[in-house]
Amino acid sequence: MIAAGIKVGGLEEGADGEKKKVVYDDKKKKAGRASKTQQKIDEEKALAEAAERARKQAEAAVAEAAEKERLAKEKAEAEAAAKAAKAEDSVDEDWEQAAASDEDVKDSWDADTDDEAQNKQQTKLPSRTKQQSGSESESESESESESEDEEQSQQRQAEAKRKEEAAKRREEAHQAALAARSADNLRSPICCILGHVDTGKTKLLDKIRQTNVQEGEAGGITQQIGATYFPVEAIKAKTAVVNQDGKFEFKVPGLLIIDTPGHESFSNLRSRGSSLCNIAILVVDIMHGLEPQTLESMRLLRDRKTPFIVALNKIDRLYGWKKIDNNGFRESLALQNKAVQNEFKNRLEQTKVAFAEQGFNSELFYENKSMAKYVSLVPTSAHTGEGIPDMLKLIIQLTQERMVGSLMYLSEVQATVLEVKAIEGFGMTIDVILTNGILREGDRIVLCGVEGAIKTNIRALLTPAPMRELRLKSAYVHNKEVKAALGVKISAPGLEGAIAGSRLLVVGPDDDEEELEDEVEADLASLFSRVSKSGRGVSVQASTLGSLEALLDFLKQCKIPVANVGIGPVYKRDVMQCGTMLEKSPDYAVMLCFDVKVDKEAQQYAEDQGIKIFTADIIYHLFDAFTKHMDELIEKKKEESKLLAVFPCVLAPVAVFNKTSPIVIGVDVVEGQLKLNTPLAAIKTNPTTGVKEIVSIGRVTSIERDHKQIPVCKKGQPSVAIKIEMGGHQPTYGRQLEEKDMLYSMISRASIDCLKEFYRKDVSNDEWQLIIKLKPLFDIH
Ligand SMILES: Nc1nc2c(ncn2[C@@H]2O[C@H](COP(=O)(O)OP(=O)(O)OP(=O)(O)O)[C@@H](O)[C@H]2O)c(=O)[nH]1
């Protein structure tokens with residue numbers, strides 16, 4: 001993978017100021033293992049290593065065969081797909097091909113050549129295949145005796161069997177855990193808050209928590225790590241105003257709301273592309289409607305298939321709104337005067353239309369007859385607290401009625417790293433959201449790190465100390481064990497380089513640790529394998545696994561190819577890596593950095609080398625910056641290529657005013673269009689040799705009609721007088737040229753490519769036909 005240009009930056013700066021590289025390459029992994037072996041001079045380890053080598057050799061052979069087969073299949077599929085796509089292309093899109101099937105169009109910067117398409121297919125191959133092909137070349141250089149081979153092959157088989165059995169046991173345990181679930185034993189749903197900046201996400205969160213903090217932790221609301229837990233009693237109290245008859249039944253034990261609003265935390269709570277959040281609140285400012293980041297949030301929610309409700313926030317800003325603190329929305333609305341009610345209705349309708357434009361049906365929550373079909377809109381005010389009881393009730397209702405399957409308590413551990421932080425007294429720690437199961441002090445855990453899987457033992461399970469105990473020494477309480485769903489801080493040795501967004505697995509007594517390592521590494525490897533192996537593409541750098549995934553998804557949609565991928569701050573090394581593109585494909589010597597810092601030295605280096613670094617906290621801003629950069633480059637190239645572009649034309653001279661230096665003649669444009677600067681030629685046959693001769697006569701420097709300069713003369717328009725100039729010796733009418741000689745715009749392969757690249761919009765299909773006709777005259781194939 002290193003060879004493919006993939007890298008990962010450390011979350012923390014290494015001792016040498018440079019970040020470390022992830023080692024997914026078996027060679028390096030093995031080198032690491034070998035050095036350990038040497039240190040320990042352990043015979044058994046040496047044997048195991050040999051066995052490992054043999055296993056990889058054998059796997060490599062199998063993988064190579066499988067890869068070949070797969071590539072062939074994928075190539076065939078790609079060809080079929082390309083054919084189908086070709087058939088669908090409009091004439092306009094496929095203009096040159098439509099006119100001449102012998103031309104291979106290299107469309108725009110986002111299109112692939114066949115090679116690239118195939119290479120892209122290759123990048124989809126599981127990383128394991130790549131690791132194997134890496135080890136293959138290594139093992140090729142090593143010779144082993146036959147008996148060793150046999151022994152190793154046995155060891156390899158034994159190891160594979162061990163892993164297979166462990167995976168089977170894990171699957172059985174998983175099935176047993178699933179079977180033991182019950183609809184009567186639900187866990188607390190997990191909820192995230194997303195939305196555009198300044199819509200009131202933080203304020204809304206504060207408001208939900210605050211009422212209870214004021215009540216002095218009554219109802220048992222606990223501030224957790226990265227989340228707030230609301231036991232059902234607290235939610236009952238908070239929703240009482242909209243459940244006065246007590247008819248609404250609560251079936252979940254509570255609700256866990258993730259504290260950090262925004263994409264980042266949502267993106268990190270992922271598991272193989274789907275979300276670990278059961279439900280999300282998308283906050284929309286009722287006065288502003290859907291804003292760019294709202295759309296980005298919707299895209300994330302849709303991609304992760306996460307159900308959501310919409311908090312239509314800031315209703316108190318409707319002109320003339322009379323507040324009743326913490327009231328149910330319906331009652332509050334009923335108390336407003338007609339004008340306020342009308343304004344509300346108007347804004348509600350506008351919001352619904354905007355949602356419909358994005359492909360979502362939406363409905364005011366109490367008018368929503370089908371939660372499956374319509375997104376519920378809950379008007380709220382984070383200032384007055386109005387609508388918040390409705391919102392909480394709706395979340396509970398939606399989750400406990402529609403998500404029983406995913407909420408049934410599962411004994412098996414499901415946990416995700418939300419953040420990686422160094423904490424005084426604890427060193428590097430990870431904040432984890434435990435979705436299912438129980439974590440215990442001392443548990444052996446496996447998670448993703450920048451240098452491969454991290455395996456360690458939980459030293460401490462920390463939750464914040466209750467408010468009243470904050471005076472005490474530590475801000476944290478140590479727990480022997482914690483049960484889902486909750487947010488917990490884990491302190492453990494060796495957590496440096498842990499990656500936010502990673503899954504966290506617990507090694508059970510029946511599990512095989514290596515198998516679990518493979519599993520967490522696969523998450524990262526699958527993201528890293530999404531680079532374009534054509535070597536052409538931008539470099540991207542993101543802060544976490546989740547944001548990297550979101551960014552890669554987005555760039556894929558925008559058809560921006562990616563050549564390098566990294567996690568963590570940008571260091572000089574990353575810029576240097578990106579700089580390799582300066583030679584290959586300078587347009588792509590660009591780094592798109594999402595939510596990461598750029599080291600000073602790296603920035604300086606980039607400036608010196610002419611590498612663009614775009615940083616943004618909002619993904620689509622990166623797209624805008626990149627698109628602008630590309631447009632500028634195209635404009636620049638277009639300017640530079642002005643003289644190269646030759647529009648096709650055929651001219652019939654009607655008079656010769658000046659025979660040479662400069663030639664001045666009167667012409668009719670019989671085909672195409674004559675533009676200033678067009679180079680012209682006559683096609684003659686040498687009278688003695690009978691060989692065709694292309695007589696170049698210079699460029700058109702003036703076009704005049706009725707003594708007026710015009711920039712262009714099109715086919716069929718009245719005759720024009722043109723001046724043709726040439727540096728050096730210009731052919732002369734009456735000698736090399738005759739009046740009856742037709743004149744042709746002097747096209748070349750380069751001029752055709754230039755038209756295709758920059759002027760496709762300006763060339764009509766007829767003109768392309770003309771180019772096809774002119775090509776043989778100028779021996780262009
Ligand atoms: N009138 C009114 N103002 C609100 C409401 N909710 C939030 N605001 C104000 O809107 C501004 C932004 O609120 P925040 O809670 O910081 O918004 P946010 O979505 O968390 O913003 P970012 O963290 O920047 O994404 C603040 O000035 C809030 O006081 C509301 O319901 N009514």
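This is a predicted model: local features need pLDDT of at least 70, side-chain atom pairs count only at pLDDT 80 or more; totals for chains, interfaces and linings use all residues.
The largest nonpolar core has 132 residues, and the members that touch the most others in it are Leu439, Ile490, Leu504 and Val540. Beyond its neighbours within four places in sequence, Leu439 is in contact with residues including Val413, Ile458, Leu461, Val482, Ile490, Leu504 and Val506, and also with Lys480 and Glu481. Another core, of 21 residues, lies apart from the largest one; Val667, Val695, Ile697 and Ile722 are among its residues.

Eight strands form an open sheet with antiparallel pairing, in the order β15-β14-β20-β11-β12-β19-β16-β17. The edge strands are β15 (452-457) and β17 (476-479); each has a single partner strand, so one side of each is left without a neighbour in the sheet. On average, neighbouring strands of this sheet are turned by 40° against each other, direction ignored. Strand β14 (residues 444-449) runs antiparallel to β15 and is joined to β15 by six bridges. Arg444 has Asn457 in β15 as its bridge partner. Across β14, β15 and β20 (503-506) lies helix α15 (residues 513-528), at about 30° to β14.

Ala485 is in the loop between β18 (481-483) and β19 (486-491), and Pro662 is in the loop between β25 (649-658) and β26 (663-675).

| Cis peptide bond | Omega |
|---|---|
| Ala484 to Ala485 | near -5° |
| Ser661 to Pro662 | near -5° |

Asn326, though not a glycine, has a positive phi of about 55°. Its loop runs between β8 (308-313) and α11 (329-334). Asn326 counts as partly exposed because its relative accessibility is 32%. His707, also not a glycine, has a positive phi of about 65°, and lies in the loop between β28 (692-705) and β29 (708-709). At 77% relative accessibility, His707 counts as exposed.

Note on methods
Residues are numbered from 1 along each chain as its sequence is written. Side-chain values use heavy atoms; hydrogens and water are left out. A nonpolar core is a set of buried Ala, Val, Leu, Ile, Met, Phe, Trp, Tyr and Cys residues joined through side-chain atoms within 4.5 Å. Buried means under 20% relative accessible area, exposed over 50%, partly exposed in between (1.4 Å probe, protein chains only). Contact means heavy atoms within 4.5 Å. Two strands pair if DSSP finds at least two bridges between them. Helices (H or I, at least four residues) and strands (E, at least two) are DSSP runs, numbered from the N terminus. Axes are lines fitted to C-alpha atoms, for helices over the stretch in contact, and angles run from 0 to 180 degrees between N-to-C directions.
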